[in-house]
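Dear colleague,

I am passing on the structure below, and would be grateful if you could look through it alongside the notes that follow.

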Amino acid sequence: MLPKERILEKTFTLFHTQGYNATGINQIIEEAKVAKASFYQHFKSKEDLCVAFLNKRHFFWFEELQKFTSKEEDSKLKILASFDFLIYMNKKENFRGCSFLNILSEIQSDNIKILDVIQNHKADLRVYFAETLNDTILSDHVYLLFESCIIESQLFKSNQLIEQTKKIIQTLI
C-alpha cells in the first residue's frame, strides 16, 4: 500500500476505536510505518486527516448499509433491516457507536471543516430514510429513532432498545 493509504487505514481503526483526541499524529505515523514528512505531504493537519477519515467512514458505512438492506424491496422491511444493520454494526464494532457523533463530541464547536462533514453524513442518512419512506414527517421520525438507538446502544452496550424501536416502527409504518 502507498503511504497515504496506510495512513488512512490506520486512522480508520484508531479514530474509530480510540477517538480523535486520544489518537496522536505520532502514533498514526508509527503504526502506518511512514515518515513524518510523508504524513505531512498528504495531510496538512490532524483536522485534514479527520476530514479524510470521516469521508472514508461515510462511504464505508453507507456501502455497508446498502448491502445490508438491498435485498428488501418493501419500504417497511427496508427500514426494519436498517435497524438490524445497527445491531450488526454493534456486534461487529463492539458498541463503539457512531464515529461522526463521537468526533462531534470531541471537536471545538467552531470547527466548521469537520462539522460540515458530520452534518453532510447525517443529512445523507435523512435522505436515505426520506427516499425509502416517501413521507417527510415519518422519515424524520424514523431518523430520530435511529439516531437515538445509536447513542443508547453505545451507552448501555445493548441492542435491547433497537429491538424495542423496531416494534415501535412496525406500529408507525
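Burial is judged here by relative accessible area: buried means under 20%, exposed over 50%, and partly exposed in between, with a 1.4 Å probe and protein chains only. Please keep in mind that this is a predicted model, in which local features need pLDDT of at least 70 and side-chain atom pairs count only at pLDDT 80 or more, while totals for chains, interfaces and linings use all residues. Residues are numbered from 1 along each chain as its sequence is written, and side-chain values use heavy atoms, with hydrogens and water left out.

Overall architecture

The protein has nine helices and zero strands, where helices (H or I, at least four residues) and strands (E, at least two) are DSSP runs numbered from the N terminus. The C-alpha trace spans about 55 × 30 × 30 Å along its principal axes, and 45% of the 173 residues count as buried. Taking a contact to mean heavy atoms within 4.5 Å, 68% of the contacts between residues at least 6 apart in sequence join residues at least 24 apart. The protein exposes about 9400 Å², of which carbon and sulfur atoms supply 53%; accessible areas come from the Shrake-Rupley method with a 1.4 Å probe, and for residues only the protein chains shown count as cover.

In the model, residues 1-61 are 77% helix and 0% strand, with their end C-alpha atoms 22 Å apart, whereas residues 24-43 are 75% helix and 0% strand, with their end C-alpha atoms 14 Å apart.

Helix H2 (residues 25-32) has Ile25, Ile28, Ile29 and Ala32 as its buried residues. Because they cover an arc of only 100° around the axis, they lie on the same side of H2, the arc being that of the directions from the helix axis to the C-beta atoms. These buried residues pack against helix H1 (3-18), helix H3 (36-42) and helix H4 (46-69), while Asn26 and Glu30 are exposed on the other side of H2. H2 is followed by Lys33, whose phi is positive, near 55°.

Salt bridges

With a salt bridge defined as a side-chain nitrogen of Lys or Arg within 4 Å of a carboxyl oxygen of Asp or Glu, the count comes to nine. Glu64, which is buried with a relative accessible area of 12%, forms a salt bridge with Lys92 in which the closest N and O atoms are 3.9 Å apart. That pair links distant parts of the chain, with Glu64 in helix H4 and Lys92 in helix H5 (residues 75-92), 28 residues apart; Lys92 counts as partly exposed at 44% relative accessibility. The side chains of Glu64 and Lys67 also meet in a salt bridge (3.1 Å, N to O), and because these two residues are three apart in helix H4, about one helical turn separates them. Lys67 counts as exposed, at 52% relative accessibility.

Elsewhere, Lys113 and Asp48 meet through their side chains in a salt bridge (2.6 Å, N to O), which links Lys113 in helix H7 (residues 112-133) to Asp48 in helix H4, 65 residues apart. Glu47, Asp48 and Lys113 are linked in a network of salt bridges.

With kind regards
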